[in-house]
Amino acid sequence: MNYKLIVLDMDDTLLTSKNEILPSTINALIEAQNNGAMVVLASGRPTGGMIDAAEILQLDTHQSYIISYNGAVITRMNDRTVVDATYVEHSEFNEILQFLRKERVMALTYKENKIYYEGQSAYEKVEGELTGLEMIKVDNLQTVITEDVPKVMGVGDIEHIEVLNKQLEGSFGSDIHATTSKPFFLEFMHRDVSKGKVLQRLAEQLGIQQSEIIAFGDSNNDKDMLEFAGLGVAMGNANNTIKEAADVITLSHDEDGIAQIIEEYILKK
């Protein structure tokens, strides 16, 4: 198979446990692009938290894309143009916020490339540390957020988030898609937003067949993306749900797992 599109989750997939990209991974992905494949990053991160990695991988010079907020936004890297955006409506944001308050779970969202949050959690600083974006704590998110948002996130104890995720079964009402990324992050997006759904739309726009896509992931929010791709690859550090959904299991994010697959399936080394 001649794979034309490589799609990569970022945290715990492209990025190591030290929040870095292995040199071997960089080299393999750049070589794949030089040989004609397109590389796309697909993450729950906000757009601003993906740009540095995209530039390291030369997605701008290869005229590729990044999929941020779990699929709510697609950005063309060469000119930073948003080519697709599907947000959570403000009324839905308010309902999600009330749900998180009732469950005593910290709530956060995004505005003007900053992270705003209310409440507290042992993991409350993680999103800022991962993305490099400023985090601003407020008493009431409703006083700051007066418009639609790309996504809302609940941050809480792992056990509590797991219970809520099972309770929601992928949906919050009829208009919101719910999933987890890290085990302490419960994420809410528009019902038409997921990595898999948005990857399908992007592939159609690019004229790339489903069978010509390789996708890499490790967490629940990667599941439908791996299922859609012609070759779904679970990292060695992925959870069991993702490993069961994948076609192939590679080495972990700290062990050249991506480079191994790129060399075998694309570079044919």
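Is Q58 buried, exposed or partly exposed? At 29% relative accessibility, Q58 counts as partly exposed, where buried means under 20% relative accessible area, exposed means over 50%, and partly exposed lies in between, with a 1.4 Å probe and protein chains only. The structure is a predicted model, in which local features need pLDDT of at least 70 and side-chain atom pairs count only at pLDDT 80 or more, while totals for chains, interfaces and linings use all residues. Residues are numbered from 1 along each chain as its sequence is written, and side-chain values use heavy atoms, with hydrogens and water left out.

**Domains and their interface**

- The domain assignment of the protein chain gives domain 1 (5-86 + 193-266) and domain 2 (90-190), with bounds that come from an automatic or database domain assignment.
- The C-alpha centres of domain 1 and domain 2 lie 23 Å apart, and the contact (heavy atoms within 4.5 Å) takes 17 residues from domain 1 and 18 residues from domain 2.
- The area buried between domain 1 and domain 2 is about 1400 Å², of which carbon and sulfur atoms give 53%; buried area here is the accessible area (1.4 Å probe) that two parts lose on being put together, summed over both.
- On the side of domain 1, P46, Y69 and V193 supply 32% of the area that this domain buries against domain 2, which is more than any other three residues.

**The largest pocket**

- The largest pocket holds about 270 Å³ of space, and of the 13 residues that line this pocket, T180, S181, P183, N220 and N239 are the closest to its centre.
- On a 1 Å grid over the protein atoms alone, a pocket is an open set of points with protein on both sides within 12 Å along at least five of seven lines, a cavity is a set of points where a 1.4 Å probe fits but cannot get out, and lining residues have an atom within 4 Å of a point.
- Grid points are joined across faces, edges and corners, and a volume is the space filled by probe spheres set on the points.
- Helix α6 (residues 158-168) gives the largest share of the pocket lining, three residues, where helices (H or I, at least four residues) and strands (E, at least two) are DSSP runs numbered from the N terminus.
- The pocket lining divides into two nonpolar, seven polar and four charged residues, and it draws at least three residues from each of domain 1 and domain 2.
- In these classes, Ala, Val, Leu, Ile, Met, Phe, Trp, Tyr, Cys and Pro count as nonpolar, Asp, Glu, Lys and Arg as charged, and the others, Gly among them, as polar.

**Cavities**

- The count comes to two cavities of 30 Å³ or more, and about 150 Å³ of space lies in the largest cavity.
- Of the 17 residues that line the largest cavity, D11, G44, S181, K182 and E187 are the closest to its centre, and by class the lining has three nonpolar, five polar and nine charged residues.
- The lining of the largest cavity draws at least three residues from each of domain 1 and domain 2, with α1, α5 (126-131) and β12 (185-190) each supplying at least two residues.
- S181 lies in the loop between β11 (176-180) and β12 and is buried, with a relative accessible area of 15%; leaving aside its neighbours within four places in sequence, S181 is in contact with E187, S219 and N221.
- The second largest cavity has a volume of about 40 Å³, and its lining includes T13, L14, H253, D256, G257 and I258.

**Buried helix and strand residues**

- In helix α10 (residues 257-265), G257, I258, A259, I261 and I262 are buried, and what covers these buried residues includes β1 (5-8), α1 (10-14), α2 (23-34), β13 (213-217), β14 (231-234) and β15 (248-249).
- F216 lies in strand β13 and is buried, with a relative accessible area of 0%; the C-alpha atoms of F216 and I249, 33 residues apart along the chain, are separated by 9.5 Å.

**Positive phi angles**

- Most residues other than glycine have a negative phi.
- Q58, in the loop between α3 (51-56) and β3 (65-68), has a positive phi of about 65° although it is not a glycine.
- R104, in the loop between α4 (90-102) and β6 (106-111), has a positive phi near 60° and is exposed, with a relative accessible area of 78%.
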